[in-house]
Amino acid sequence: MAKQNQTLGEFIIENQEEFKYSSGELSRLINSIRLAAKVVNHEVNKAGLVDILGAAGETNVQGEDQQKLDVYANEIFIKTLTNREIVCGIASEEEDDYITITGRNKKNDNKYIVLMDPLDGSSNIDVNVSVGTIFSIYRRVTPTGTPVTIEDFLQPGKNQVAAGYIVYGTSTMIVYSTGHGVNGFTLNPAIGTYYLSHPNMKYPEDGNIYSVNEGNYVHFPQGVKDYIKYCQKEEDNRPYSARYIGSLVSDFHRNMIKGGIYIYPNTAKDPDGKLRLLYECNPMAYLAEQAGGSASNGFERILDIQPTTLHQRVPFFCGSKNMVAKAEEFMHNS
Ligand code: P6P
């Protein structure tokens, strides 16, 4: 049960028994993500000082190599999860292949794997727009103690045991679910503690915000074009407002609080769209459904899609249940 102003640490302990068959491993996993997020947050918030500290690829005032922030975030999350020996495998947008984690004794009895987009929307950093980290957690399906295989990573999204994101915005928040609803925690940077600020987050069933990059309009499928014109029509509670930050985590977060739909469709240029199924769409779809929203590729529930490759892309329609249903109607009728 969520209590206002509870810290994330207290929340994890108090809800420990909700983690199916967890021996505290999943709690330690969420805790390690919490720690890595604080380290990345510190660096992201300094990004504006790059000119003073040295641009990416050069040395900064401390004489350290200034890394691109998405590379830096990737390393921080991988190091934190590896050093604490909490997972048996990791996949990341920044890594061509998955990483097998073997414990100090060269055996690894951990049962969880993590897939992540360490810094989604990182191109927005240079213009001081919020960015995010997205993570997705599964139990492995191959025998414990053996090296993970691609089979462990190519599970449908409905198998996730937890998923969440960190949004590095006007404040830094962790929003996640372990299958019992969605809760948001805001970081108090003065003391480095996350406090429960958004208990039991719910996607409004309807909304009046649509988030899509209309610059690609001419390349969209006819169903998406028809839905956009529907959003803009002076009728009922429309026209809706167009809000598109260009950072999935930020658009999703705003739409979950206010109600809305995010669409990244396929185009002739990108026949499968742009967003990655395993570490962008699946975790966000899991959160959307846990909050009473929905997510599809325009025709099929995202969480039911059987992945075939680690970095595969899918068209993505996600948000308020009734808005996604209406967009799917236009897709079916086009
Ligand atoms: P476009 C960021 O690169 C990202 O993966 C999402 O966070 C964001 O919503 C989308 O791509 C933006 O893509 O093509 O509209 O710039």
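This is a predicted model: local features need pLDDT of at least 70, side-chain atom pairs count only at pLDDT 80 or more; totals for chains, interfaces and linings use all residues.

**Entry 1: whole chain**

I counted nine helices and 13 strands in the chain. Of the 334 residues, 54% came out as buried. I then checked contacts between residues at least 6 apart in sequence, and 65% of these join residues at least 24 apart. The accessible surface came to about 14500 Å², with 49% of it belonging to carbon and sulfur atoms.

**Entry 2: the five-stranded sheet**

In what order do the strands of the open sheet of five run? I read it off as E10-E9-E11-E13-E12, with mixed pairing. E10 (241–242) and E12 (294–296) are the edge strands; each has a single partner strand, so one side of each has no neighbour in the sheet.

I went through some of the pairings next. E9 (residues 209–211) and E11 (residues 261–264) are parallel, over two bridges. There, Ser-211 has Tyr-262 of E11 as its bridge partner. Tyr-262 turned up again on the E13 side, where its bridge partner is Cys-318. E11 and E13 run antiparallel and are joined by four bridges. E13 also pairs with E12, in the antiparallel sense and over three bridges. In that pair I found Ser-296 standing opposite Phe-317 of E13.

Then I looked at which way the E13 residues point. Phe-316 and Cys-318 go one way, Phe-317 and Gly-319 go the other way, and all are buried.

**Entry 3: helices across the sheet**

Which strands does H6 (residues 222–232) lie across? I got E9, E11 and E13 (316–319), with H6 running at about 150° to E9. H7 also lies across E9, E11 and E13, and its angle to E9 is about 165°.

I listed the buried residues of H6: Gly-223, Val-224, Lys-225, Tyr-227, Ile-228, Tyr-230 and Cys-231. I spotted a lysine in that list, Lys-225. The cover over the buried residues of H6 includes E9, E11, E13 and helix H9 (321–333).

**Entry 4: H7 against H8**

I wanted the packing geometry here. Two packed helices are described by the angle and the distance between their axes. For H7 (residues 248–258) and H8 (residues 277–290), the axes come within 12 Å and cross at roughly 10°. Angles under 35 degrees count as roughly parallel, and H7 and H8 are therefore roughly parallel to each other. H7 brings Leu-248, Val-249 and Phe-252 to the contact, while H8 brings Glu-280, Met-284, Leu-287 and Ala-288. By type, the contact residues of H7 with H8 split into six nonpolar, no polar and one charged.

**Entry 5: Met-256**

Is Met-256 buried or exposed? Its relative accessibility is 1%, and buried means under 20%, so Met-256 counts as buried.

What does Met-256 contact, leaving aside its neighbours within four places in sequence? I got Tyr-165, Val-175, Val-182, Met-201, Lys-202, Tyr-203, Pro-204 and Ala-291. I also took the C-alpha to C-alpha distance from Met-256 to Leu-287, which is 9.6 Å for two residues 31 apart in sequence.

Most residues other than glycine have a negative phi, and most peptide bonds are trans.

- The peptide bond from Arg-238 to Pro-239 is cis, with omega near 10°. Pro-239 lies in the loop between H6 and E10.
- Asp-236 is not a glycine, yet has a positive phi of about 50°. I found Asp-236 in the loop between H6 and E10. Asp-236 is exposed, with a relative accessible area of 70%.
- Glu-85 has a phi near 45°, again a positive value in a residue other than glycine. Glu-85 belongs to the loop between H4 (69–83) and E1 (89–92). With a relative accessible area of 24%, Glu-85 is partly exposed.

Technical notes. Residues are numbered from 1 along each chain as its sequence is written. Side-chain values use heavy atoms; hydrogens and water are left out. Buried means under 20% relative accessible area, exposed over 50%, partly exposed in between (1.4 Å probe, protein chains only). Contact means heavy atoms within 4.5 Å. Accessible areas come from the Shrake-Rupley method with a 1.4 Å probe; for residues, only the protein chains shown count as cover. Axes are lines fitted to C-alpha atoms, for helices over the stretch in contact, and angles run from 0 to 180 degrees between N-to-C directions. Angles under 35 degrees count as roughly parallel, over 145 as roughly antiparallel, 65 to 115 as roughly perpendicular and the rest as oblique. Ala, Val, Leu, Ile, Met, Phe, Trp, Tyr, Cys and Pro count as nonpolar, Asp, Glu, Lys and Arg as charged, and the others, Gly among them, as polar. Two strands pair if DSSP finds at least two bridges between them.
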